[in-house]
Amino acid sequence: MKLVFLGPPGAGKGTQAAGVCQRFAIPHISTGDMLRAAIAKGTETGLKAKVFMDQGQLVPDEVLVQMVKERLSESDCVNGYLLDGFPRTVKQAEALDMISKPDVTVDVEVPDEKLLARLTGRRVCMACKGTFHVTKLGDATVCPDCGGELIQRDDDKPATIQKRLDVYHSQTAPLIDYYEKCGSLKKVDGDQAPDKVFEAILVALGG
């Protein structure tokens, strides 16, 4: 089964992707992991991507698309794949269709206000790097596991989260429309318990 996962930051796509990939015996391919792997292997495309990344620039579509093409040709993709973080634009989606047209695109939907609460409530321990949430921590400022200092990361602050959500919506709205027109889009309510989200995804995938 060839899948694309869409969903905003904090929607829990990574957790759900792991379960889906295990169920269908397909690899979970995130853009970040794919880039890091290609660079580590020293592939021609990976080295091209590294030049842009080292300069703090976005990797151009043609390089990213070639990298996806190479990754999907590997033997572990023979039964399909789950792409997470690609495509991000309609142009990339059209390129993916030319390489390997996805069977289903799953859009994990969570309202922005719920995402803000999830992400801005996250706290990280400076010592053990454990991650916690204020809904369980309350007013605690020390790690319940090791006693280390708990902090809110800069990328979990409200203004940063809102900016990430705004970028996601502006990029993804056209993609949702594109896959709806293709007839492959399945919308799933991500604002429920993780096991319920997983069940809903399985229903959307027909099993």
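Start by selecting Val 188. Leaving out residues up to four places away in sequence, Val 188 touches Val 106, Asp 107, Val 108, Glu 109, Val 197, Ala 200, Ile 201 and Ala 204. A contact here means heavy atoms within 4.5 Å. This is a predicted model, where local features need pLDDT of at least 70, side-chain atom pairs count only at pLDDT 80 or more, and totals for chains, interfaces and linings use all residues. Residues are numbered from 1 along each chain as its sequence is written, and side-chain values use heavy atoms, with hydrogens and water left out.

Stay on Val 188. Helices (H or I, at least four residues) and strands (E, at least two) are DSSP runs, numbered from the N terminus. Is Val 188 buried or exposed? Val 188 is buried, with a relative accessible area of 2%. Buried means under 20% relative accessible area, exposed over 50%, and partly exposed in between, using a 1.4 Å probe and protein chains only.

In sequence, Asp 107 and Val 188 are 81 residues apart. In space they are 6.0 Å apart, C-alpha to C-alpha.

Next, select Leu 83, Leu 96 and Tyr 179. Within the largest nonpolar core, which has 27 residues, these three touch the most other members. A nonpolar core is a set of buried Ala, Val, Leu, Ile, Met, Phe, Trp, Tyr and Cys residues joined through side-chain atoms within 4.5 Å.

Colour the elements that give two or more residues to this core: strand E1 (2–6), helix H2 (31–41), helix H4 (61–72), strand E3 (81–84), helix H5 (90–100) and helix H8 (158–182). Which element gives the most? H4 does, with 6 residues.

Zoom in on Leu 96. Not counting residues up to four places away in sequence, its contacts include Val 4, Val 68, Leu 72, Tyr 81, Leu 83, Phe 86 and Tyr 179. Pro 87, Lys 101 and Pro 102 are also among them.

Then select Ala 17, Val 20, Leu 115 and Ile 161. They are among the 21 residues of another core, which lies apart from the largest one.

Finally, show the whole protein chain. Its secondary structure comes to 9 helices and 8 strands. Along its principal axes, the C-alpha trace spans about 50 × 40 × 30 Å. Buried residues make up 41% of the 207 residues. Among contacts between residues at least 6 apart in sequence, 67% join residues at least 24 apart.
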